[in-house]
Amino acid sequence: MTTTLPLLTGAPSADSPYRSYVYAYPHKTAYRRLPDRPALRDLWAGEPQHALSLYLHIPFCEVRCGFCNLFTRIGGPEGLTTAYLDALERQADAVRGALDEGARFALAAFGGGTPTYLSAAELERLCDIAERRMGADLRAIPLSVEASPDTATADRLEVLAARGTTRLSLGVQSFLDEEAKSAVRPQKRAAVEAALGRIRAAGFPVLNIDLIYGIEGQTPVSWLRSLDAALAWQPEELYLYPLYVRPLTGLGRRAGEHGSRAWDEQRLALYRAGRDHLLAHGYQQVSMRMFRRAGSPQAGTDEYSCQSDGMVGLGCGSRSYTAALHYSFDYAVDATQVRSIIDDYVSTTDFGHAEYGHRMDGEEARRRHLVQSLLQAEGLDLADYRRRFGTAAADDFAAELAALRAAGRLADTPGRLRLTPEGLAHSDAVGPDLFSPAVRDLMAAYEAK
């Protein structure tokens, strides 16, 4: 079953501040099957390989939250995780063989899904794949791992700490049981607090806590209560995510006011309250979503640190980026479709070719750099842009920048372009406005499955 994204009931309007969470450009819905199936060895030939990023994707969760549209499945038959790791090893061998002999990794991340869905022994094996098959020295580079409260068990955390994890990111979303229930997230605060205690005891240098605002029934008072519960653990990082209701998710199948102007205003008010609360408590704003406690170590995992050229992705939900091509496997949200793609992945023997992707030209590379830079609080370094591309951003994107200035969302500072505070608050509208017409057309034609 497929449904065209723009026809979804409750889809954001063109003037909504919450049109799309832009964490990578182009979005994966702009990818298409590659009929020539280019060989990885050819794709990586000549690419800089002295500071690659490595991403390993684990597409399993113990539950599926109502807002989740990640590429993941709930549980699986006995032996599926073993078969998945077997396939991950085969893919790692093929990918490493396509890289230069002297290729080196400067950053690594395990994401999902929920990587800690794997058992402690399976996490050891996952680390072995990264180290022994890919050649990444996990104890010498920043390693970020995502976890959920129920799977952040002592034995799993012990493995991750021993193997060099520098940043543990815990998806909490809300510390209030009634809000978690409203978001169709079956968790209790007691379990969250216990997990945080185990994480702190394990000694990871950076703890990140993810929270969501815009949940049905959430108020400014309850939002700040949840934030204060998180602050009690003095996390080095906090991510504040606006709730999105997307196609084929649990919340997406419910009737409601999602997509209304009132909901937009509620989320904006909660964002501003959360932002101001964290700034008052000694946190620095890195992007619309990310806040870092002043003086905390940087784990090398800002929103876009794994989204630049030279990213090597392993696993059926991962992406890889070269200068000329962004590529991945097929993508789905519907549970049946996800299971089918995972089944295809674990039975694959030929991992030497790119299957789905989007080819990048010079104009798209410049646009991507603009998007990734402007959506960070520090903004776009104009001299760096000219060094990279040999042109001026003001000339390349005159119309787009003029529109941002006219809307009061762009601040011109010496040598740099930054979003204003309200521009940063509207990042999820600013980003999509900077997409190229070609990418917009591909995304509009994509059918969710």
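Analyst: Gly113 is placed in the loop between β6 (105-112) and α3, and its link to Gly112 is a cis peptide bond with omega of about 20 degrees. Helices are DSSP runs of H or I with at least four residues and strands are runs of E with at least two, both numbered from the N terminus. The model is predicted, so local features need pLDDT of at least 70, side-chain atom pairs count only at pLDDT 80 or more, and totals for chains, interfaces and linings use all residues. Residues are numbered from 1 along each chain as its sequence is written, and side-chain values use heavy atoms, with hydrogens and water left out.

Helix α3 (residues 120-133) contributes Arg125 to a link between distant parts of the chain. The side chain of Arg125 meets that of Glu89 in a salt bridge, with an N to O distance of 3.2 Å; the term requires a side-chain nitrogen of Lys or Arg within 4 Å of a carboxyl oxygen of Asp or Glu. Glu89 belongs to helix α2 (residues 80-98), and the two partners are 36 residues apart. Across the whole structure, 30 salt bridges are found.

Further loop positions deserve attention. Tyr25 and Pro26 are joined by a cis peptide bond with omega of about -5 degrees, and Pro26 lies in the loop between β1 (3-4) and β2 (32-33). Although Arg37 is not a glycine, its phi is positive, at about 40 degrees.

Strand pairing, for which DSSP must find at least two bridges between two strands, can be followed from β12 (residues 290-293). This strand pairs with β10 (residues 237-242) in the antiparallel sense over three bridges, and Arg292 of β12 stands opposite Glu237. Strand β11 (residues 283-285) is also an antiparallel partner of β12, over three bridges. Gln285 has Phe291 in β12 as its bridge partner, and β11 and β12 form a hairpin with four residues between them.

A further group of strands is the open, antiparallel sheet in the order β17-β19-β18. Because β17 (380-381) and β18 (410-413) each have a single partner strand, they stand at the edges, and one side of each is left without a neighbour in the sheet. β17 is joined to β19 (residues 416-419) by two bridges, with Asp381 partnered by Arg416 in β19. Four bridges connect the antiparallel strands β18 and β19, and here Ala411 has Arg418 of β19 as its bridge partner. β18 and β19 form a hairpin with two residues between the strands, in which Gly415 takes a positive phi near 75 degrees.

Two packed helices are described by the angle and the distance between their axes. Helix α10 (residues 362-374) and helix α11 (residues 382-389) have axes that come within 11 Å and cross at roughly 160 degrees; axes are lines fitted to C-alpha atoms over the stretch in contact, with angles from 0 to 180 degrees between N-to-C directions. α10 and α11 are therefore roughly antiparallel to each other, a description that applies over 145 degrees. On the α10 side, Ala365, Arg366 and His369 meet Asp384, Tyr385, Arg388 and Phe389 of α11, where contact means heavy atoms within 4.5 Å.

Note on methods
Parallel < 35°, antiparallel > 145°, perpendicular 65-115°, else oblique.
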